[in-house]
Amino acid sequence: MSDLYIGLMTGTSLDGIDAALVDFSAGRPHLVDALCAPLPEALRAQLLALQSAGHDELHHAALAANAHSRACAAAIRQLLERAACRAQEVRAIGNHGQTIRHRPELGYTLQIGNHALLAELTGIDVVGDFRSRDVAANGQGAPLVPAFHDALFSREGETRVLVNVGGIANLTVLPEQGNVTGWDCGPGNVLMDAWIQQHLGRSYDADGAWAATGCVLPELLQALLAEPWFALPAPKSTGRDLFHAGWLAAHLTGRRDRPEDVQATLCALTAQTIADAVHSQNPAALYLCGGGAHNAELRRMLSCELPQTRITTTAELGVDPDWVEAYAFAWLARACLLRQPANLPAVTGAQGLRVLGAIYPK
Ligand SMILES: Nc1ncnc2c1ncn2[C@@H]1O[C@H](COP(=O)(O)OP(=O)(O)OP(=O)(O)O)[C@@H](O)[C@H]1O
Ligand SMILES: [Mg+2]
């Protein structure tokens, strides 16, 4: 008997819907298949517009949530067809939704997506709104992947550090002994994506090739690193609420830098803030996942910052770096149905363990 779940992730990069089909029936979960369905351009624009305050945003958010769920249902149809799997065989979908506000300090975080509509369109139970319960318990509601990283990637007698380089970069420390820890390190790809879009009209800097043609600007890098958020102790999390094109523009006022040098500096900002977080752990290897794992220039900079640490990806641990996040939301959906707590208070700062998610039956 199989025990199948689907995880859906639409992250801060707004690049696409990652969908993973996972089978939990054997002792160790198994990734059956996965795909990334590009976000339809109109939906991407809608979601991007909702990242900042605007006119009649409740109405626009509701419409975007519907469009998001339709796109998710299409991605699921494609995934199930490819895997020759019927919807009835899937126990639940873990749907992260699209974050449009993340303000745990004010007691809320908002991921949109019409879970009722997704249940209607797919005929599968949907679990959504994974972050709110942790926030209600005074946690950051993020990162949520460390418990999953622990379940899948921990190895006794070895400290392992994982960094997911999505729009935002988040780190998990799986120590040789003691508590798993984790926190958001800062921007992953979000600023590099915004800058190359603005200058070259491309959605991302493939392999970091453009950044590699530039020179890091040390004073600009120091000015960016002076952002007070970086000095905050964990638990901490962040998003587009803080790190967006306007944040960067404010730092560039009055400067006349070459755009490629700014790109190199943004890449260095991501590398430096990850290295600062990893440094004290002194791990033998750093396992990257998320789209940023493909950025060769970022990996080169990380190697320079962490000469004692081998920079590799989760592929070495048996999971393609592109599917770790979607895989995590399949795992989180299962944890919810089984009423198993899935937050780590040491990571999020919540008052205690909590079952995460809201169930929308098919
Ligand atoms: N070949 C590549 N070279 C450089 N960067 C890449 C490459 N492929 C993907 N990326 C980067 O990865 C980003 C997408 O990463 P990913 O899907 O992991 O992030 P996300 O959707 O923001 O998810 P999350 O924030 O939840 O981790 C792209 O926007 C791009 O910046
Ligand atoms: Mg993505």
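**Reading the labels in this model**

Me: Why does Arg-339 count as exposed?
Reply: In this predicted model, Arg-339 has a relative accessibility of 54%.

Me: What makes the phi of Arg-339 worth a remark?
Reply: Phi of Arg-339 is positive, about 55°, although the residue is not a glycine. Asp-129 is another such case, a non-glycine residue with a positive phi near 50°.

Me: Why is Asp-129 called partly exposed?
Reply: Its relative accessibility is 30%. Buried needs under 20% and exposed over 50%, so Asp-129 falls in between and counts as partly exposed. Asp-129 lies in the loop between β7 (126-128) and α4.

Me: How do you know that His-102 is buried?
Reply: The relative accessible area of His-102 is 8%. The cut-off for buried is under 20%, so His-102 is buried. This histidine is found in strand β5 (residues 98-103).

Me: What is in contact with His-102, leaving aside its neighbours within four places in sequence?
Reply: The partners are Tyr-108, Thr-109, Gln-140, Ala-142, Ser-237, Thr-238 and Asp-241. One of them, Ala-142, is joined to Pro-143 by a cis peptide bond.

Me: How do you know that the bond between Ala-142 and Pro-143 is cis?
Reply: Omega there is about -15°. Pro-143 sits in the loop between α4 (132-136) and α5 (146-153). The peptide bond from Ala-234 to Pro-235 is cis as well, with omega near 0°; Pro-235 lies in the loop between α9 (228-231) and α10.

Me: What describes two packed helices?
Reply: The angle between their axes and the distance between the axes. For α11 (residues 259-279) and α12 (residues 296-305), the angle is about 45° and the axes are 9 Å apart.

Me: Why is α11 called oblique to α12?
Reply: Roughly parallel requires an angle under 35 degrees, and roughly perpendicular runs from 65 to 115. The angle here is about 45°, so α11 is oblique to α12. The crossing is right-handed.

Me: Which residues make the contact of α11 with α12?
Reply: Among those from α11 are Ala-264, Cys-267 and Ile-274, and α12 brings residues including Leu-298, Met-301 and Leu-302. By class, the residues of this contact are 9 nonpolar, 3 polar and 2 charged.

Me: What makes α8 oblique to α10?
Reply: The axes of α8 (residues 218-225) and α10 (residues 245-252) cross at roughly 130° and come within 10 Å. Roughly perpendicular ends at 115 degrees, and roughly antiparallel needs over 145, so α8 is oblique to α10. Leu-220, Ala-223 and Leu-224 of α8 meet Trp-247, Leu-248, His-251 and Leu-252 of α10. This contact has 6 nonpolar residues, 1 polar and no charged.

Terms used: Residues numbered from 1 in each chain as written. Chains lettered and ligands numbered in written order. Predicted model: local features only at pLDDT ≥ 70, side-chain atom pairs only at ≥ 80, totals over all residues. Heavy atoms only, no water. Axes fitted to C-alpha atoms, helices over the stretch in contact; angles between N-to-C directions. Helix = DSSP H or I, 4+ residues; strand = E, 2+ residues; numbered from the N terminus. Left-handed = near helix turned anticlockwise from the far one by under 90°. Contact = heavy atoms within 4.5 Å. Nonpolar A, V, L, I, M, F, W, Y, C, P; charged D, E, K, R; others polar. Buried < 20%, exposed > 50% of the residue type's maximum accessible area, 1.4 Å probe, protein only.
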